[in-house]
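Hi,

Here is the structure you are taking over. My notes follow below it.

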Amino acid sequence: MESSAVTLEKNKKLPRSSSLWRQIARRFLQNKMSLIGLAFLIFIILFSFIGPFFSPYVNLGVDPTNINQSPSAQHWLGTDKLGRDVLTRLMLAGRISLLVGLGAMVMSVVIGGVLGIISGFYRGIVDQIIMRIADVLMTLPGLPLLFIMAAILSEWKVPTEYRIYIVMLMLSIVGWPGLARLVRSQILSLSERQFMQATEALGLRDTRKLFKHLLPNIIPLLIVSGTLSVGGAILSESTLSFFGLGVVPPDASWGNMITSANSLLDFQKRPWLWVPPGLAIFLTVISINLLGDGLRDAIDPNMRRR
Amino acid sequence: MKGYVVKRLFYMIPTLFGASILIFFLYSLVPGNFIDADQNLTAERKAELYELHGYNEPVVIRYFIWLKNLLKGDLGYSLQFQLPVGEVIGNYIWSSFIVALASLILTWFIAILVGIVSAIRQYSIWDTFITIIVFAAMATPSFFLGLVIIKIFAVDLGWLPAGGMISTGSNFTGWEYVKDVAEHMILPVLVLTMLGIGGLTRYFRTNMLEVIKQDFMRTARAKGLKERVVIFKHGLRNALLPAITLFSFELPALFGGAIITEQIFNWPGIGAIYMQAFSVRDYPLLMGFTMFIAVLTVLSNLLADILYGIADPRVRVKK
Amino acid sequence: MGNTVLDVKNLLTQYYTNGGVIKAVDDVSFSIPKGQTVCLVGESGCGKSAVAMSIMGLIDGGSGGIKNGEILFEGKDLLKLKKHELRQLRGNDISMIFQEPMTSLNPVLTIGGQIMEPLMEHELISKKEAKKRALELIELVGIGRAEEIFNSYPHQLSGGMLQRIMIAIALACSPNLLIADEPTTALDVTIQAQILDLLRSLKEQRDMSMLLITHDLGVVAEVADYVIVMYAGKVIEEGPVVELFKNPKHPYTKGLLKAKPVINQRQEELYTIAGQVPNLATLTPSCYFSERCEQCMAICKEQMPKINDLDNGQRVACWLYEEVTTV
């Protein structure tokens, strides 16, 4: 009660225009944990995308004279069984893992967002069909579903460089139903609100209702769930790649780098081959989650994970 | 209530039907099959087996045969084990179950405890520490966690066995056997618990924080009740209520096996069997297992709603 | 002094907010004589509820605390009591009812169970005895079908009924002091009158003292013996109800009385006090009401007026009534 008077006062001081986004930015900047997450994420992105330019081993690739070296001044994280520099591979793998995570997120958000909006906005039979499909997809266990899809898609004999797009596609097929449901329920609850009923009363066209009134209210939700889903996609990609069903060599991803742990000798004696990529996944996902969490708190302090 | 359950059961039909279509056609799209995978078979024998298992029929016909059998409760016949799929699942499900159950109990116990404590000490270092642990648990790839745990506890320290369910070459009986299995269980249970603890702890923490802000908590304190009573009787009960739903969602995980963890620890559970069947393309087993999980998932959703209705007086009366 | 149930002296209660530390209750003193009803009046956010929470010892350590003063209840300083001693007083000798009956009861416990709780906590009686007492209490607060109500859940009852249940819970252990924080605000007008009547008659029957917190002067006129007007954490005027209503001194009190709609008296437009309660985090030494005061003088902006006795039993903190007006 006392504090309400205080916040009221504060809000008054803010300029009217863009005050919403400015408030969000202010709340976000106050959250130490999410800033740490953001900083670390930027570091990982720079590490993966800019890092290789500083590595003398990028174009060298295989070096038979230098295999399975333990970490040294020349090779900070040692070399693998083909004599490749692990640190450089870690950077290159980071590019792919991050791209797959991001791509899968964009695809899930687009598919899930569009279908969710259609479902919630037009209701009726379209809604029924979309939601039943989502139900079915969510009924099937995620990992087996990914495995089957991977097995089918492997048979298409796509060139390895396009393989990462296949992985993105698979992850988004598994990822969209949850998002579509979330968006749909948000649209439904928005439609109950006064301002949407006002658009009804004003007789606005559907496109205007959608783009001017509904979409702006959905975007925060999409930003937050999108951010958090990048982490999930990176985890799934690494699992698939670890089992040889995701990104496959010679392309490196953090997940398939850990595959070297499948050889008993590497697992026991050469931890530099598989521990760094595992830590990279861990730190990246934790940063993304911290960031997403901070964004959620900043955008809507009352929004909670279901 | 009864009418509601019947209605919900009715709703399950299209979902399960859709799932069966998706499962069947996905698996029939996967190239290769068990018979082709076997190098030792002669061409004639292969043709015979094709005929025997109906692979010569069009795919749609095969689907309906499969569906008909499903409706009769027949999940199919595993080519790899030469046993009915139901029997294979029955053989391996319990070893998955004991690991899943142990970790479920551990996870819930720790999560509830931690949730309560962090809600009470909202501003302390402890709470920050817990938040970090929660985030860490949610960011670890399961297979990597398994590998690290094996490396530390089994390889480097040598405290516990690295995998399997019983020591190789042993033939313990009675208590010795139980002890041996328990030792093999510790690491997989640890991994599953660490994986599950993040989300659940976070959930309880949020719920408890929400509940302790409620007006009725103030009323309880104003009555002069002991803080213990206020937190546990008034607070926890309200925080646990929505968790009942969550608890039902654990059902598929209890019986479905943990594919990755079982694979990493070489635990002879249903998840490891799935991976094995996948590599030899034992479709009847794969399809039967996937369908089994789908049914469990749908049932657990229903169970969640029913349990919630029983537990929450607000919902109970409405129905 | 033997006649005084509660004596609050120089109470200072702070809350920690994002905007800084605020003095929600700033040097407030008052007392409640036995069997009397004292009303705390003011706009929302003026610190009325903070006074109640301070007395009950229910301020969460993370969000605020009592920094100074004494709260003497039947001679004992509540602020010096140990936690468990204070807890034994709560719901037993001092009870409280709240503004929102709909959310103040636990949704997953039965009404009966919630009435029995304080009885079993404080009176060491058997469950059977507690149930009997609970049923009597339900009858006492004017609800029939006690047995049925006993077994029902909060969501099954209306707001008015729930507030009656809250009163039953509060009265369970026959307290000497009942604190009612906006007990009728959340209720329909017709129900408001019923609840007030109930509170008044129960108070008479049981010779209880009551601290009633409200922003509604209609309520005050109905039940109060003595009125305390608060503004921005300070007491600015107080006096016996009749005096204060007949002859308000402070411009704020005058404003409040003017803003009150009077039945059968058609006004073109209801009077309102311009502006809003100031931000408690950024107060400077001044009369806190000066910003909104129609009779504001130079000194009001520079120095805080002290509360002074007037000859008719009223007390007021306003420069208009200071005899010496030198700075």
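Thr13(C) has Ile66(C) as its bridge partner in E4(C). Strand E1 (residues 4-17) and strand E4 (residues 64-73) of chain C run antiparallel, joined by eight bridges. Strands are DSSP runs of E, at least two residues; helices are runs of H or I, at least four; both are numbered from the N terminus. Two strands pair if DSSP finds at least two bridges between them.

This is a predicted model: local features need pLDDT of at least 70, side-chain atom pairs count only at pLDDT 80 or more, and totals for chains, interfaces and linings use all residues. Residues are numbered from 1 along each chain as its sequence is written, with chains lettered from A and ligands numbered from 1 in the order in which they are written.

The sheet is open, with four strands in the order E2-E1-E4-E5 (chain C) and antiparallel pairing. Its edge strands, E2 (20-33) and E5 (76-77) of chain C, each pair on one side only.

Chain C comes to 11 helices and 12 strands. Its radius of gyration (over C-alpha atoms) is 21 Å, close to the 20 Å of the globule rule for 327 residues, so chain C is as compact as a globular protein of that length. The rule is 2.2 Å times the number of residues to the power 0.38. The C-alpha trace of chain C spans about 70 × 50 × 40 Å along its principal axes.

Now the interface. 21 residues of chain B are in contact with 26 residues of chain C (C-beta atoms, placed from the backbone, within 7 Å). On the chain B side, H9(B) gives the largest share, six residues.

Best wishes

Terms used: Two residues are in contact if their C-beta atoms, placed from the backbone, lie within 7 Å.
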